[in-house]
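My plan is to look up one thing at a time and jot down what turns up.

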Amino acid sequence: MSIRQVRHRPGGDVSPFSGYVVVAAAFMITSAVWAVYYAFGIFFKPMLNEFEWTRAMTSGPFSMSLITSGILAVAMGGLTDRLGPRAVMSLCGLLLGAGYILLSRVSALWQLYLFYGVIVGAGMGGGFIPLMSTVTRWFLEKRSLMSGIVASGIGVGALIGPKAAGWLIPVYGWRVSYIIMGGVLLVIVVLFAQFLKRDPASRGPAYDADEGEKTRAGALADGLSLGDAVGSGQFWIFFITGFCYGFCVFSVMVHIAPYAGELGLSAPVAANILATVGALSIIGKVALGRAGDTIGSRQTMLLGFILISAAQFWLATGERAGTLYAAGALFGFSYGGCTVAHSPLIAILFGLQYHGLIFGVFSLSVMIGGAVGPFMTGHLCDVYGNYHAAFLVSAGISIAGVVLTFVLTVSYTHL
């Protein structure tokens, strides 16, 4: 099925400024959502100390939340196609705020699984797909760059969230800290969701083109249905790369701080290492997003997987703080190449008509990988008494991502 591109003259109530407002609002929401989510690694040790659970048991709710969010991301993506991002993100903000506030009442393991694994996981179903799909629809020529800016909010979150938790927990305890962070998150998400607008193609005109080609409305007017997309071999190659990406990224984000603790580094140093990963991911997502508009999204994702592999081999041999800082910095920069490539690649391969829904189905692979990765990493640490073997396994998964991305065929006639 071919994808037809149509053009319109500018008109209606859409202006270039509207697109940048959407990007700014999406960036703020992304930053807030992932700040609290990635702070889980800082709450990890206080909960271990209080309840004396194993690392695998305590990692389980995080893995469960990824499964829940992956399943519901399909629904959230489809609802974004139908209802627009404002309603979807308002609902997600309410779920996230409620889930984190309820965590302050945990007294048994099943409650941790319910509040974090189910409620927070449900809210995280809208923590990425609706925002990235909306921005992808708003832009054409700057699609990868704008996707990178919004995705960099994940890095901002990883930078500020663990630092905030590291400051709050010693002062207020982990229970009150979750109330504070959950309440702030609820306000930010619901507030900025009101600035999200439906994509210009759904209302007629788009913009994002130079003066000579003014406004490419509905950048890809047609698109493959979900059934047609999943019936193609390319979708399943792409789908498995998502598993590899999720496995590697979430394994490191959950376990790099505990890994630093196992090496005898202090809690503030561990938090700073995790924050370094977030800081460099901000740079990586913007820089590699800009590169994606120049060299292509597939090549950007390939580069990302190559660098992720190198970073994880480096982590596996780490024994000092300097090594963890350097490897974490490389990892943070490099995984952005995969992050910013996903949404544009779906637009290239399958069009925009059902972009949110297809993106949601693809995200299942990321969340499955993200669910398996932290649990397996924690289990391998419990078995071997250190993280070295665990990070070597993760590096091998990343190499598989390199191979799959290399054989992925992208047809640029769909642009």
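**Entry 1: the overall plan.** Before reading the pattern of the chain, I note how its elements are named: helices are DSSP runs of at least four residues, strands are runs of at least two, and both are numbered from the N terminus. I also note that this is a predicted model. With that settled, I read along the sequence and find the pattern α-α-α-α-α-α-α-α-α-α-α-α-α-α. The count for the protein chain is 14 helices and 0 strands.

I then looked up how much of the chain is hidden. Buried residues make up 58% of the 415 residues.

**Entry 2: the largest pocket.** Next I asked about open spaces. The largest pocket has a volume of about 510 Å³. It is lined by 25 residues, and the closest to its centre are Gly41, Ile42, Lys45, Ala267 and Ala270.

Which elements give two or more residues to this lining? I wrote down helix H2 (40-51), helix H7 (143-193), helix H9 (233-262) and helix H10 (267-295). H7 gives the most, with 7 residues. Sorted by class, the pocket lining holds 16 nonpolar, 5 polar and 4 charged residues.

Entry 3: I turned to cavities and found 4 of them at 30 Å³ or more. The largest cavity holds about 180 Å³ of space. Among its 17 lining residues, the closest to the centre are Trp34, Phe128, Tyr245, Val366 and Met367.

The elements that give two or more residues to this cavity lining are helix H1 (16-38), H9, helix H12 (321-350) and helix H13 (355-384). H13 gives the most here, with 5 residues. By class, I count 13 nonpolar, 3 polar and 1 charged in the lining of the largest cavity.

**Entry 4: aromatic rings.** The whole structure has 26 aromatic pairs. One of them joins Phe128 and Phe359 edge-to-face, with 6.1 Å from centre to centre and 70° between the planes. Phe128 sits in the loop between helix H5 (109-124) and helix H6 (129-138), while Phe359 belongs to helix H13, so this pair ties together parts that are 231 residues apart in sequence. Are the two residues buried or exposed? Both Phe128 and Phe359 are buried.

I also noted a cluster linked by ring pairs: Trp34, Tyr37, Phe40, Phe43, Phe62, Tyr100, Tyr116, Tyr178 and Phe250. Trp34 is a name I had already written down, as one of the residues closest to the centre of the largest cavity.

**Entry 5: Ser65.** Ser65 is in helix H3 (residues 55-83). Its relative accessible area is 0%, and the cut-off for buried is under 20%, so Ser65 counts as buried.

What does the side chain of Ser65 make a polar contact with? I found the side chain of Tyr37, at 2.6 Å. A polar atom of the Ser65 side chain also lies 2.6 Å from the backbone oxygen of Phe62. Beyond its neighbours within four places in sequence, Ser65 is in contact with Tyr37, Tyr116, Gly117 and Gly121.

**Entry 6: Ser251.** Another serine came next. Ser251 is found in helix H9, and it is buried, with a relative accessible area of 0%. Not counting residues up to four places away in sequence, Ser251 touches Gly246, Ile256, Gly373, Pro374, Thr377 and Ser394.

**Entry 7: Val88.** My last stop was a valine. Val88 has its place in helix H4 (residues 85-103). At 3% relative accessibility, Val88 counts as buried. Leaving aside neighbours within four places in sequence, Val88 is in contact with Met76, Leu79, Thr80 and Pro130.

How far apart are the C-alpha atoms of Val88 and Gly126? I wrote down 7.0 Å, for two residues that are 38 residues apart along the chain.

Notes:
Residues numbered from 1 in each chain as written. Predicted model: local features only at pLDDT ≥ 70, side-chain atom pairs only at ≥ 80, totals over all residues. Heavy atoms only, no water. 1 Å grid on protein atoms, 1.4 Å probe; cavity = no way out; pocket = protein on both sides within 12 Å on 5 of 7 lines; lining within 4 Å. Points joined across faces, edges and corners; volume = space filled by probe spheres on them. Nonpolar A, V, L, I, M, F, W, Y, C, P; charged D, E, K, R; others polar. Buried < 20%, exposed > 50% of the residue type's maximum accessible area, 1.4 Å probe, protein only. Contact = heavy atoms within 4.5 Å. Polar contact = N/O pair within 3.5 Å; in protein donor to acceptor, adjacent residues only side chain to side chain. Phe/Tyr/Trp six-rings, centres within 6.5 Å; stacked < 30°, edge-to-face > 60°.
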